[in-house]
Amino acid sequence: MKRNVYCIIMAGGVGTRFWPASRGERPKQFLDILGTGKTFLRQTYERFLPLVPSENILVVTGESYRDLVAEQIPELAPSQILGEPLGRNTAPCIAYAAFRLRAIDPEAVMIVAPSDHLITGEDEFRRAVTESVRFAVERDAMMTIGIRPTRPDTGYGYIQVEDQPAIPESETEGCGVNKVRTFTEKPSPELAQVFVDSGEFFWNSGIFVWRASVILDALARHLGEVHSLFATSADDFGTPREADTVRRIYPEMRNVSIDFGVLEHATNVYVRCSDFGWSDVGTWNSLHANLPHDDRGNAVQGLVRLVDTAGSMVRLPEGKLAVLGGLEDYIVVDTPDALLVWPRSREQDIKQVVTTLRFDGGEEHL
């Protein structure tokens, strides 16, 4: 790719739905959740190296995680790690990176990606990103990558595409570039089934491609309050004043996603439809779906003996033995100071449990 193409890895999430493995001091992007020997963050960095030189990769993360990023990606210079003093969702994160890139390279093209996804079809992934970069540059478009759904998952966002493709031909059969019609976030089970059956909807991967100048124009038009907070100090980005400026403006920043704040309102948004073995691995259930199973549908990490147990996700720390009996469709996650035993059917409630623990004085276990 051209030297003015950059990758922005968003690594600021706290991974609440992966409690008790994911904690405030070391969220899931810094963990080897999949048992591969590499953390999510490290895998994401290495995934982009065939596309973008290391010096063109920036990581946006929480200020308190800067040392973790540097530890896991020692190839990065300190200036390539952008620290947010507060988590304010993806729109401010992307705005921060775009202002930095415009300051150092006015022709910058951004590939924006979360730090905690599983991608198994690396060749098709690189093809989709390459085609998206080309389309975004030629059309001044804002691109997202959509994944052909395999099930009516209610934990994902969905993108509805226009009937007529913008690029009907593609190197991958059944995939192309379409204009986006609508975005829908986390539908009901019934609506998700309608989406899958229609063939018009794709999962929103959260991977975006655009010129830095194009997304900045869109932010100014559709999310002016976020844009203006950065724009008033635009000359500070790429200078030693940047960190102090970011600390000053972030408390005033609105908490808003780029999808809700910008993409749902813009008219130049396109999706590259893809199928490259993607999962955001956002919950214990999604991890269960992506691990090997025994003959009764159990996914196990650690030394476990199961009796009359089926459809369960079990994770233990190294050196510990667990014997589990009579469980069906449960999540069991043990750590040195916390144990979770929870029905898989209610996994969306784990986030609320963590919130309750925080208010009930259980902060030391979060």
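Reader: A patch joins residues with over 30% relative accessible area and no salt bridge, linking nonpolar side chains (Val, Leu, Ile, Met, Phe, Trp, Tyr) within 5 Å and like charges within 9 Å. Which residues make the nonpolar surface patch here?
Author: Leu303, Val307, Leu321 and Val323 make a nonpolar patch of about 360 Å². Areas come from the Shrake-Rupley method with a 1.4 Å probe, only the protein chains shown counting as cover; a salt bridge is a Lys or Arg side-chain nitrogen within 4 Å of an Asp or Glu carboxyl oxygen. This is a predicted model, in which local features need pLDDT of at least 70 and side-chain atom pairs pLDDT 80 or more, while totals for chains, interfaces and linings use all residues. Residues are numbered from 1 along each chain, and side-chain values use heavy atoms, without hydrogens or water.

Reader: Which strands each supply at least two residues of that patch?
Author: S13 and S15 do; strands are DSSP E runs of at least two residues, and helices are H or I runs of at least four, numbered from the N terminus. S13 (residues 303-307) and S15 pair in the parallel sense over 5 bridges, pairing requiring at least two DSSP bridges. Leu306 is opposite Leu324 of S15.

Reader: Turning to Asn178, why does it count as buried?
Author: Asn178 counts as buried because its relative accessibility is 8%. Asn178 belongs to strand S8 (residues 177-185). Its C-alpha atom is separated by 7.5 Å from that of Cys273, 95 residues apart along the chain.

Reader: What volume does the largest pocket have?
Author: The largest pocket has a volume of about 1400 Å³. On a 1 Å grid over the protein atoms alone, a pocket is an open set of points with protein on both sides within 12 Å along at least five of seven lines, a cavity is a set where a 1.4 Å probe fits but cannot get out, and lining residues have an atom within 4 Å of a point. Points are joined across faces, edges and corners, and a volume is the space filled by probe spheres set on them.

Reader: How many residues line the largest pocket?
Author: There are 40, with Gly13, Arg17, Asn89, Thr90 and Asp116 nearest its centre. The largest share, 4 residues, comes from S9.

Reader: And how many cavities of 30 Å³ or more are found?
Author: The search finds 1. The largest cavity holds about 40 Å³ of space, and its lining includes Thr44, Phe48 and Ile207.

Technical notes:
Buried means under 20% relative accessible area, exposed over 50%, partly exposed in between (1.4 Å probe, protein chains only).
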